[in-house]
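The report below goes through the contacts between domains, the charged pairs and a few individual residues of one protein model. Please keep the sequence and the structure at hand while reading.

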Amino acid sequence: MNHARFILEFAVDRDAFDMEAYISRGGFMGLRQALARPPAKVIAEVKSSGLRGRGGAGFPTGVKWESVQRHKEPYVVANADEGEPGTFKDRYIMEHAPYLLIEGMTIAGYAVGARRGFIYIRGEYPAIAKGLIKAVEDARKHHFLGEKILGTDYSFDISLRMGGGSYVVGDETALLNSLMGNRGYPMMKPPYPTEEGLWGHPTLVNNVETLAYVPAVFTKGASWFTQIGPEHSPGLKLFCVSGDVHAPGLYELPMGVPLHELLEAAGGVKGRLKAVQIGGTAGPVYDDRALSFPLDYDSLRAEGGALGSGAVVVMNHTRNMAEFLEVTTRFFSEESCGQCFPCRYGTRQLEFMARNIMMGKGKEEYLDEMREIVTTMSVASFCPFGKSVALPVGNVLDLFGDEIRTFIAHQRYVKEAG
């Protein structure tokens, strides 16, 4: 499959923290191009590229930058708290192309008028954090960070902060709370972080992958970016494929690529495709009709789902969906921050029933009760975490409810023919 690439063109397995090697491949050309323009034109270029946030929400990046109130000493934060199961794209960028993140953050800082930025990295990535600290120090030595960057009047610097292992801190407001030393609870919006974030200052929060694509907008041009993928979700995307495929891994493909083409790139499904979860644990579960789905924000929204982080977990005909339900509800129960009652109690009840099903103590009425719980959580939970449980649980019950009822009745899983 021939197609354009950007992040993988910069990614290397060895010497990823070699500054000279990065520069020799065209690194920091995007920053040089951006610093030659007024900040307003930098934002206009990002808007015209159509780049949308790669963290999950898909919000237009340039619009978000434009909303930052630059006269109030804003901050820039890279959300590197990559806790979504089946997602490893940000880890890959930080391990194999760390200077793309630093370059993208510096361009973002220049555009919104920030002088200081933070990389908030998950606590489970200590070795990567160590490498990033070295990369930041090297960028300072080469005048890509610090005072008067590349001889201009612009100054910007980056610090690292480690998370404590909370999944919920992937939410930008919970992340900001954690960054300020508070418990990582989500905050009410509005005000949005671009209006009032870190210590009351406007704060731009972008995902690592989003920031890593920013240099492409200035080295290759916004028009190059818009020519890739569908009109409303242009550009490239990193997809994380895991589960029952022959070649699990990371793939950089155009937005809008059909699922069957992504799975072909991953070597094909082992056996017969039974189910696929797109977008992470909070994403919906589909059967084989998903093979024709274009993988972009708008197309998946039209199918009642979300592209999310770009994680694709493949399950073949041998997988027991009652077990999938138990694993999913256990994850939500363990990761709920407990701030609001509907999520705190609801996730524990879901886990209790799903675990009983797997232990041979299941009741058929559990399935209706689970539907009632996720419906209540979708309207009463405080943050997107609690609201999102309805998608995976509801889809599994819709598509595989009969299989789970059979499992409850006979207390065993009858494997399907391949």
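## Interface of domain 1 and domain 3

Between domain 1 and domain 3 an area of about 820 Å² is buried, and carbon and sulfur atoms give 73% of it; buried area here is the accessible area (1.4 Å probe) that two parts lose on being put together, summed over both. On the domain 1 side, Y167, Y185 and P186 supply 54% of the area that this domain buries against domain 3, more than any other three residues. The model is a predicted one, in which local features need pLDDT of at least 70 and side-chain atom pairs count only at pLDDT 80 or more, whereas totals for chains, interfaces and linings use all residues. Residues are numbered from 1 along each chain as its sequence is written, and side-chain values use heavy atoms, with hydrogens and water left out.

The domain assignment gives domain 1 as 7-227, domain 2 as 236-316 and domain 3 as 321-417, such bounds coming from an automatic or database domain assignment. The C-alpha centres of domain 1 and domain 3 are 36 Å apart, and 11 residues of domain 1 are in contact with eight residues of domain 3, where contact means heavy atoms within 4.5 Å. Two residue pairs across these domains are in polar contact, both at pLDDT 80 or more; a polar contact is a pair of N or O atoms within 3.5 Å, of which, within protein, one must be able to donate a hydrogen and the other to accept it, and residues adjacent in sequence count only if both atoms are side-chain atoms. The side of domain 1 that touches domain 3 is made up of seven nonpolar, two polar and two charged residues, with Ala, Val, Leu, Ile, Met, Phe, Trp, Tyr, Cys and Pro counted as nonpolar, Asp, Glu, Lys and Arg as charged, and the others, Gly among them, as polar.

## Salt bridges

Side chains of opposite charge can pair when their charged atoms come close. A salt bridge is taken as a side-chain nitrogen of Lys or Arg within 4 Å of a carboxyl oxygen of Asp or Glu, and by this rule the whole structure holds 25 salt bridges, while the interface of domain 1 and domain 3 has zero.

One of the salt bridges joins R52 and D298, at 3.4 Å from N to O. Because R52 lies in the loop between α4 (39-49) and α5 (61-66) and D298 in helix α13 (residues 297-302), this pair ties together parts that are 246 residues apart in sequence; helices (H or I, at least four residues) and strands (E, at least two) are DSSP runs, numbered from the N terminus. R52 counts as buried at 11% relative accessibility, whereas D298 is partly exposed at 31%, buried meaning under 20% relative accessible area, exposed over 50% and partly exposed in between (1.4 Å probe, protein chains only). Another salt bridge pairs R37 with E45, their closest N and O atoms being 3.7 Å apart, and K89, D90, E209 and K237 are linked in a network of salt bridges.

## Helix α10

E209, a member of that network, is also one of the buried residues of α10. Helix α10 (residues 208-219) is mostly covered, with 11 of its 12 residues buried. At the start of α10, a side-chain oxygen of N207 comes to within 2.8 Å of the backbone nitrogen of E209, and just after the helix G221 takes a positive phi of about 100°.

T328 is placed in helix α14 (residues 321-335) and is buried, with a relative accessible area of 5%. A polar atom of the T328 side chain lies 2.9 Å from the backbone oxygen of F324, and, leaving aside neighbours within four places in sequence, T328 is in contact with T281 and P392. T87, in the loop between β1 (75-80) and α6 (89-96), is buried at 9% relative accessibility; with neighbours within four places in sequence again left aside, T87 is in contact with E82, C240, S309 and A311.

F382 lies in the loop between α16 (365-380) and α17 (384-388) and is partly exposed at 32% relative accessibility. Not counting residues up to four places away in sequence, F382 touches P186, M187, M188, Q339, C340 and K387. F382 and M188 are 194 residues apart in sequence, yet 8.2 Å apart in space from C-alpha to C-alpha.
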